[in-house]
Amino acid sequence: MKNLIILTLTLGLFYAAATPALAQEQSTQQATQQPTAEEQEKEKAEREKNAFRLLDQVIDEGQSLRLTENRVRVQIGAADMLWDRNQGRARSLFTMAGEGVAELGRNSSSQTTNSRRPGEAAFVDRRVFQVRQELVLAAARHDAQLAYQLLASTKPPAPAQTTPTDPRGNRQPAFNEDTLEQALLSRISALDPKLAAQNAEQMMEKGQFPRSMNEIINQLYKQDPDAAAKLADKTVKRIQSSNLLSNNDAISLAQSLVVAGPRVPTSTTTTTTPATSGPTRLAVLDQSLYTELLTTFVDTALKVTPPAQNNQRGTATATPGAPRGRAAPTIVATPQNNGPTPAQMEQMNARRLFASMPALLPTIDALLPGKSATVRQKMTEMGMNIPQQGQTFAANGTMTADDYIRVASTAPQQVQPRLYQQAAFKALEEGNTDRARQIANDYVPANMRENVMRRIEMRELSKKTGPSGFEEIRQIVNRLQTDNEKVNMLVETANAAKPSNPKLAGQLLEEAKQIVNHRAANYEQFDQQLRVASAFATVDSARSFEILDPAISQINELLSAAQILNGFEINMFRDGEMALQGGNGLTATISRFGEELAQLARVDFERSDTLAGRFQLAESRIMTRMAIVRGLLNNSRAQTFTGPNINALRGANVVRPE
């Protein structure tokens, strides 16, 4: 019996010790086990169910909003996200939004007519134009004909006020039909390229030059190559027949076509024509047509003359983007000089064209060898650096560390240190710490080297296991001067450590959480809290919620104070309601909170929705819940409340939020 008792106790102790280890092993297996395709589909279906249920709630709550533009923005965003699921309801919401925009236009017309406050008319016009733009471009993602119907039905009774030209004659962003039509044309080019091509031709007949023509021709090639070739030919002929030096829109279109290079036929795998450097662009002209336009472009640019050296002080300033080496004079209006003459305007535009020559030299050498020497001679006269043969660079987004170094070697001395620092950071981003250290030692000035070396050291420490790595990182972070620097370094190192060392990542984020675990005293500290919460989202979502919860309480207090101060120190509210797109720090912060809750909703929908519901103002709840819906549907294209999501429009002159 005694032996049996001892055996029972031994087995009990064994199982007691083994159970936690077994549970931990099972937990680890569950964490690392990838969900099956069926499980993923179930998760997606559940997310969509939650998203559309929440969207219905937002639509209902949005009807109680007093500001027409707020109700319209809710309708636009909801229609955008509902289109694939319930097109009929989405169309109805777009139509309701169109009626609201038309009402805004009518009201603003009478309001601006009776306004006596300086600048108020332009501000109201801008606000109405912006929401109209959001409506038309959102509809254009789904139905081109609907978008044009809304464009027509929401046109204001009188032409919207435009911003005057600047002293150089360049148009500023204008609240006019041309601006919106150009943006709409770009948006529908992928959806209905034939309709876009038809409308583009009509614009050219009226003397306009659609800035999205590259996109339209490129999309048309996919549907109807013959029609695309004819449109390309018409476009080049129209540019050649214009006075290129006096037409800014023609210059912009010509530059986009020329810098893109000649089109490579789809049946050809290689080409002898060198591609120009710079960002990836849409090459849509075949080589013969491209050569025609390039000839016109170069001949026009060669009309440039070196700037006079005896400009009177105060009447000339350096033109942004002018050839490096000499400042191209800009004629500024004075009491004695009412602005640039036509001849001076043509010289400014010639300099604008000629600024493209360094990037085009390889193409000129290949297709127009007879003009190469003339172009190089003119570049010398203009004080421009001539790139060495083969010296081409990728766009900033795709540049390698070596690209940055080559760019820096010919860049002006004052910008070289920053480029070399970027080269080191790029090598670090590429995972090559040895290369980053070499660049820092060989090129980066001593006063900037310490920051680079610190980041290299932190990246290497992020790969170390055991307590020593964490302690070393803490010591480095504690030597930094500001909380912002410390949070940045901890979050950056934690993100680098997540794949290979998740335990260290969690420790570093806990350290960052201690820094931000207090009431924010400014927007920068709100931003720090959000960065830490965002970094925690994929490590420990509970920690993210712990950071966001008290911050939302503080935002409620700030909104209450803003209501009291409205009209005195700040102007966030109209008719007692906060504009969903306000262009101020507090509205932007609420939008950021919505983005973080959207990220967390994919892990814990109920808690995210509950937290969004803690915003006291309906406007704030709507903003954050719409963000959650977008996140659950993975719909980054849908309308946001921080500005129209139209960054993808190439070359479209679109009004941005204030």
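Several elements cover the buried residues of helix 12, including helix 10 (225-241), helix 11 (248-260), helix 13 (342-354), helix 14 (357-367) and helix 15 (369-381). The structure shown is a predicted model. Its average pLDDT is 80, and 76% of the residues score at least 70.

Helix 12 itself runs over residues 287-301. Its 15 residues, at 1.5 Å a residue, should span 21 Å, and the C-alpha atoms at its ends lie 20 Å apart, which agrees. The buried residues of helix 12 are Leu289, Tyr290, Leu293, Leu294, Phe297, Val298, Thr300 and Ala301. Because these residues cover an arc of only 165 degrees around the axis, they are on the same side of helix 12.

In soluble globular proteins, nonpolar side chains tend to be buried together. The largest nonpolar core here has 149 residues, and those with the most contacts inside it are Leu55, Phe94, Leu184, Leu285, Phe354, Met357 and Phe593. Helix 5 (residues 120-140) gives this core its largest share, 10 residues. A second, separate core has 21 residues, among them Met399, Ala411, Leu419 and Ala427.

Leu285 leads back to helix 12. Leaving aside residues up to four places away in sequence, Leu285 touches Ala232, Val236, Leu257, Pro262, Arg263, Tyr290 and Leu293. Of these, Tyr290 and Leu293 are among the buried residues of helix 12.

Other parts of the model call for caution in reading. Over residues 4-11 pLDDT stays under 50, and the model has zero contacts there beyond four places in sequence. For residues 13-32, pLDDT likewise stays under 50, with zero contacts beyond four places in sequence.

Notes
Residues numbered from 1 in each chain as written. Heavy atoms only, no water. pLDDT = per-residue confidence, 0-100. Contact = heavy atoms within 4.5 Å. Helix = DSSP H or I, 4+ residues; strand = E, 2+ residues; numbered from the N terminus. Expected span 1.5 Å × (residues − 1). Buried < 20%, exposed > 50% of the residue type's maximum accessible area, 1.4 Å probe, protein only. Arc of directions from axis to C-beta. Core = buried A, V, L, I, M, F, W, Y, C linked by side-chain atoms within 4.5 Å.
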